[in-house]
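Student: I am new to this structure. Please show it to me, then let us talk it through.

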Amino acid sequence: MDKFYHIVTYGCQMNVHESEKIAGILSELGYKSSDSMEKADIVVFNTCCIRENAENHAFGNIGMLKKLKAARRDMIIAVGGCLTQQLGKAGDLHDKFPYVDIIFGTHNLGKLKDYILKKQSQKKAVIEVVDDDGKVYQETKSLRTSYPNAWINITYGCNNFCTYCIVPYVRGRERSRRSADIIAEAKELIALGYKEITLLGQNVNSYANGTEDISFPELLQKIAEIDGKFRLRFMTSHPKDFSEELVKVIADNPKICKCVHLPVQSGSDKILRAMNRRYTSADYVEKVATLKEYIPNCAITTDLIVGFPGETDDDFKATLNLVNKVGFSSAFSFVYSKRDGTVAAKMENQIPAEVSKQRIMELISLVNSNTREQSEKYIGKTVEILCEDYDKKRGAYLGRDEFGRMAYFKSDKDVIGEFVNVLIDGANGISLFGKIV
């Protein structure tokens, strides 16, 4: 009799890839994927805690399984990820949801198979959240679900300790994988037909950090030299470590996408200091100028936070000014979320919710306006799109160009996983529309 699993993923691309690792573990145990929680014999929540709403969303969905668990006692519910790694959260989770069977953290995902087998042999819950020991363990085999895209971890954890960020506390200190292992994984994925490789790390620019004889730009160069037609991306870059050497490697290699995600967070030097970002707005603008000097058509995306403790109207205006000055291709904009255990959570002058709401709406309006203008410049141009999927509601295929713009188009045949040339004849915000030529 078939057994089924269902994975619920919250948060960043790191979590998306870790859910592929969870899927690999469950597949090894004989489970098959299901789109339905109701049909699943095991449901795994891969959680995020970077913002409060992600945490609340996870709690809400876990809570909704209470009746289903009561009706299907053999069903296993497992919760892992960043939320459970926070100090004391595993105990809180067990107290609030005693019907959860397995609770594990970010550092012991690879032991999920053992926890499932243990739970199947006993009635009581299996709870184990371990601290970071600073080691990089052998990669858990992934059941990849994002074809033609594939993610590769190059680092884990973070050493930056931005004052708003919980990541160093739940992901641990920065550790780098061996370059030989990363390159071998990339070669294998390309041989299997994957067309876009994204290197992942909290701060890819500080890869190796003295533990390897190869820098991040050198790692990029070696992967770009692998035979085959594919695109190479990376995220995320910390501006303080973003180097001219890296820019030159991007400029010199056609396989490396001319699209860089470079989170600035704020345009105010006062707020950047309070965030412990270790660069100024002028430093950031200089990095952008270097990028545009070597790669004039480079698309730059970013992250922005409003409502950080102590942010004044002038600080917020500085962010708006920076957005206008840089001309971001797109931006992820967030209201500051207070996270227990971080330095910023104890800061004075926390910003009222209504002020943050007004600021985020103004910022989003500006970002969206800039994005629309850039999308409209595509009209009449032919661009190379890597087809990623088919949208049943639109009745169209979709994919991105190397600059990250999503395009929708019709095709008489299945072109998922193929590079196609699309003539753009329409644009709506960040989305493009066209036809294959």
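**Overall build**

Tutor: With 437 residues, a compact globule would have a radius of gyration near 22 Å, and the chain agrees, having 22 Å. That radius is taken over C-alpha atoms, and the globule rule is 2.2 Å times the number of residues to the power 0.38. This is a predicted model, where local features need pLDDT of at least 70, side-chain atom pairs count only at pLDDT 80 or more, and totals for chains, interfaces and linings use all residues. Residues are numbered from 1 along each chain as its sequence is written, and side-chain values use heavy atoms, with hydrogens and water left out.

Student: What share of the residues of the chain count as buried?

Tutor: Buried means under 20% relative accessible area (1.4 Å probe, protein chains only). The count runs over the 437 residues of the chain. The share is 54%.

Student: How many helices and strands are there in the chain?

Tutor: Both are DSSP runs, numbered from the N terminus: helices are H or I with at least four residues, strands are E with at least two. The chain has 14 helices and 19 strands.

**The core**

Student: Which residues have the most contacts inside the largest nonpolar core?

Tutor: A nonpolar core is a set of buried Ala, Val, Leu, Ile, Met, Phe, Trp, Tyr and Cys residues joined through side-chain atoms within 4.5 Å. The largest one has 54 residues. The most contacts inside it belong to Ile197, Leu199, Phe216, Phe234 and Tyr284.

Student: Which residues does Phe216 touch?

Tutor: Contact means heavy atoms within 4.5 Å. Residues up to four places away in sequence are not counted. Phe216 touches Ile154, Leu199, Val204, Asn205, Tyr207, Phe234 and Leu246.

**Helix pairs**

Student: How do helix 13 and helix 14 lie relative to each other?

Tutor: Axes are lines fitted to C-alpha atoms, for helices over the stretch in contact, and angles run from 0 to 180 degrees between N-to-C directions. The axes of helix 13 (residues 313–326) and helix 14 (residues 353–376) come within 10 Å and cross at roughly 10 degrees. Angles under 35 degrees count as roughly parallel. Helix 13 and helix 14 are therefore roughly parallel.

Student: Which residues in helix 13 does helix 12 meet?

Tutor: The axes of helix 12 (residues 281–294) and helix 13 come within 11 Å. On the helix 12 side, the contact uses Tyr284, Val285, Val288 and Lys292. In helix 13 they meet Leu322, Lys325 and Val326.

Definitions and conventions. Angles under 35 degrees count as roughly parallel, over 145 as roughly antiparallel, 65 to 115 as roughly perpendicular and the rest as oblique. Buried means under 20% relative accessible area, exposed over 50%, partly exposed in between (1.4 Å probe, protein chains only).
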